[in-house]
Amino acid sequence: MLQTDVAVIGAGPVGLFSVFECGMLNLTCHVIDSLDCIGGQCSALYPEKPIYDIPGHPCVTGEQLISNLKQQIDPFQPVYHLGQQVLELTKTSDTRWILTTSRGVKISARSVIIAAGVGAFGPNRPPLKDIESYEGTCVFYAIHSKEKFKNKSIVIAGGGDSAVDWAIALEGIAKKISVVHRRAKFRAAPESESRLKSLAQAGRIDLVTPYQLHGLQGDGQNLRIVEVIDLSNQVKHIEADILLPFFGLSMNLGPIMQWGLSLDKNNIVVDPLTAETNIPGIYAIGDIATYENKLKLILSGFAESAQAAHSIKRYLYPHEIVHFEYSTTKGVPTSRA
Ligand code: FAD
């Protein structure tokens, strides 16, 4: 079983910064996130938007902030477990918790920081029978490499920026692209929509509107046909190797609500001086944590990370006198022993 001092649930900006604060106190961290990339809301919802209220950064995009945070915590060598949700949290002793993820990974941690924001992010999955069996081979909710789709017949479903931008980006790489949307009008940026429509007029992309996904045909591993249906229940078959559904992200606090934590609506109640929850050894920070006059801002979450790390140090080493040191005095490790 994997062992760590601190398990951080959530790799949003606040969870990431908690690794720095723990690292400065010589506490090791494993970080788990349901998304397959780090960054939480900054990466998933607004990577290119400028943020203006991060101290010391007059203007930084969500993506840049996360890249900087990653660089800042790299020296502490956190272990990431991405693309998996923490489903269970079981106490084995006062200073031992076992976390179990949706991929069956088990992590034994001496304390837990919950930095789960507004919940675990995951793709909105279209309700198609047996879709799970094609996921990862023929059905993808995000694209990391265009090369994978070379010479493939692709159905892209959705009407927003992701669907339209990827249809344009994959044109010329894929063998055939069909874009399925339930309306003739798309919700993408106007210039992207006009580009899509001119590619359709040139016969380089097939627009299948107004249609919705209806079913999949294949052998359970290899996709052969995507079935689509129109408003008068006419079903049409599109030959396809790949389906790319782009219906946005869902957020789900899910199992966290069942762990016996003191809650206020969808937030975990903490002591703002320590970030402690009602369960000793479990701390909550960032958007998911609440207390009187809480500001859901990244900068508040950063301060809460420091409170949590120092509280954990006191909790795990009650007899050790921790001398507070500035980072300018202590420095940061170039690598961990
Ligand atoms: P999040 O960023 O929400 O990250 C939480 C992570 O936890 C997610 O990646 C999620 O997948 C993961 N997770 C949850 N549950 C589980 C689980 N059970 N297992 C595994 N992983 C789990 N704030 C500012 O300060 N300034 C701004 O200008 C600003 N602009 C914003 C603009 C927009 C459009 C939005 C949407 C938000 C903005 N915010 C801004 C808010 C800011 O993004 C949040 O305060 C911040 O992201 C909170 O960070 P976090 O780490 O607490 O949570």
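Buried means under 20% relative accessible area and exposed means over 50%, with partly exposed in between (1.4 Å probe, protein chains only). These close-ups come from a predicted model, so local features need pLDDT of at least 70 and side-chain atom pairs count only at pLDDT 80 or more, while totals for chains, interfaces and linings use all residues. Residues are numbered from 1 along each chain as its sequence is written, and side-chain values use heavy atoms, with hydrogens and water left out.

**View 1. Inside the largest nonpolar core.** A nonpolar core here is a set of buried Ala, Val, Leu, Ile, Met, Phe, Trp, Tyr and Cys residues joined through side-chain atoms within 4.5 Å. The largest one has 35 residues, and V6, L65 and I113 touch the most other members. At least two residues each come from β1 (2-9), α1 (13-24), β2 (29-33), α3 (62-73) and α7 (298-316); helices (H or I, at least four residues) and strands (E, at least two) are DSSP runs, numbered from the N terminus. The top contributor is α1, with 7 residues.

**View 2. V6 and its partners.** Contact means heavy atoms within 4.5 Å. Setting aside neighbours within four places in sequence, V6 is in contact with C22, L27, T28, C29 and H30, and also with A109, S111, I113 and I312. Elsewhere, a second, separate core has 23 residues, including W259, L261, I268 and V270.

**View 3. S178, tucked away in a strand.** S178 belongs to strand β11 (residues 176-180). It counts as buried because its relative accessibility is 1%. Not counting residues up to four places away in sequence, S178 touches I154, V155 and I156, along with D206, V208 and I238.

View 4. L45, V118, L249 and M251 make a nonpolar surface patch of about 310 Å². Patches are built from residues with over 30% relative accessible area and no salt bridge, joining like charges within 9 Å and nonpolar side chains (Val, Leu, Ile, Met, Phe, Trp, Tyr) within 5 Å. Areas come from the Shrake-Rupley method with a 1.4 Å probe, and for residues only the protein chains shown count as cover. M251 sits in strand β17 (residues 249-252) and, at 40% relative accessibility, is partly exposed.

**View 5. The E135 and R125 salt bridge.** A salt bridge puts a side-chain nitrogen of Lys or Arg within 4 Å of a carboxyl oxygen of Asp or Glu, and the structure holds 10 of them. In the one between E135 and R125, the closest N and O atoms are 2.6 Å apart. E135 is in the loop between α4 (131-134) and β10 (153-157), and R125 is in the loop between β9 (120-123) and α4, so the pair ties together parts 10 residues apart in sequence. Both ends are partly exposed: E135 at 23% relative accessibility and R125 at 45%.

View 6. E193 and K197 pair up in a salt bridge at 2.9 Å, N to O. Both lie in helix α6 (residues 190-201), 4 residues apart, or about one turn of the helix. E193 is buried at 7% relative accessibility, whereas K197 is partly exposed at 31%. K185 joins these two residues in a network of salt bridges.

**View 7. K313 meets E320.** The side chains of K313 and E320 form a salt bridge at 3.8 Å, N to O. K313 is buried, with 9% relative accessibility, while E320 is partly exposed, with a relative accessible area of 43%.
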